[in-house]
Amino acid sequence: MNRNYETVFILTPVLSEDQMKEAVQKIVKFLKEKGAKIIFEDNWGLRKLAYPIQKKSNGFYYLIEYQAEGSLIQEFELMLKRDEKIMRFLTVAMDKHAVAYSEKRRANIQAKKETNKVEN
């Protein structure tokens with residue numbers, strides 16, 4: 001049975017924009033090849049960390065929401081641990097309340113993007 005999951009990961013800030021996009025594509029490709037359905041992706045950009053990690057004070061934050069079998073999560077997290085570009089990650093299984101909140105958040109993000117397009 002597929003469940004909804006949300007994974008936020010932090011990429012090392014020494015990557016270029018292209019290297020960061022390539023790393024994200026690799027992660028998304030892995031999920032898709034394993035049968036996960038990508039629902040939403042959000043690039044939060046370069047942000048300051050709450051505390052230094054690997055002597056770095058910034059990192060690229062990225063969020064992926066997806067539906068997958070529970071058995072995939074362990075394999076997915078192992079792949080994230082082995083990737084030297086990933087400094088930290090957190091995967092959360094979403095209940096119905098989290099899914100509803102996520103849908104509202106996505107609608108707000110879409111509305112802001114459309115507003116920005118109209119203004120430009």
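Colleague: Which residue does K37 stand opposite in β3?

Modeller: That's Q67. Bear in mind that this is a predicted model, where local features need pLDDT of at least 70, side-chain atom pairs count only at pLDDT 80 or more, and totals for chains, interfaces and linings use all residues. Numbering starts from 1 along each chain as its sequence is written, and side-chain values use heavy atoms, with hydrogens and water left out.

Colleague: What makes β2 and β3 a pair?

Modeller: Strands (DSSP runs of E, at least two residues, numbered from the N terminus) pair if DSSP finds at least two bridges between them. Here 11 bridges join β2 (residues 37-53) to β3, and the two run antiparallel. Their hairpin has two residues between the strands, and Q54 takes a positive phi near 55 degrees there. β3 is also joined to β1, antiparallel again, by 10 bridges; L11 has F60 as its bridge partner in β3.

Colleague: Why is E65 called buried?

Modeller: Buried means under 20% relative accessible area (exposed is over 50%, partly exposed in between; 1.4 Å probe, protein chains only). E65 comes out at 2%, so it counts as buried. E65 lies in β3, residues 56-69.

Colleague: How do you know that the side chain of E65 makes a polar contact with the side chain of S102?

Modeller: A polar contact needs a pair of N or O atoms within 3.5 Å, and within protein one must be able to donate a hydrogen and the other to accept it; residues adjacent in sequence count only if both atoms are side-chain atoms. For E65 and S102 the value is 2.5 Å, so the pair meets the distance cut-off. E65 also touches (heavy atoms within 4.5 Å) residues including Y5, F40 and R105.

Colleague: What puts the buried residues of α2 on the same side?

Modeller: In α2 (residues 70-82), the buried ones are L72, I73, F76, M79 and L80. They cover an arc of only 130 degrees around the axis, which is why they share a side; the arc is that of the directions from the helix axis to the C-beta atoms. Helices are DSSP runs of H or I, at least four residues. The face turned away carries the exposed S71, Q74, K81 and R82.

Colleague: Which residues have the most contacts inside the largest nonpolar core?

Modeller: F9, L11, I27, L31, I64, Y66 and F76, in a core of 23 residues. A nonpolar core is a set of buried Ala, Val, Leu, Ile, Met, Phe, Trp, Tyr and Cys residues joined through side-chain atoms within 4.5 Å. α1 gives the most to this core, seven residues.

Technical notes:
Lists of a residue's contacts leave out its neighbours within four places in sequence.
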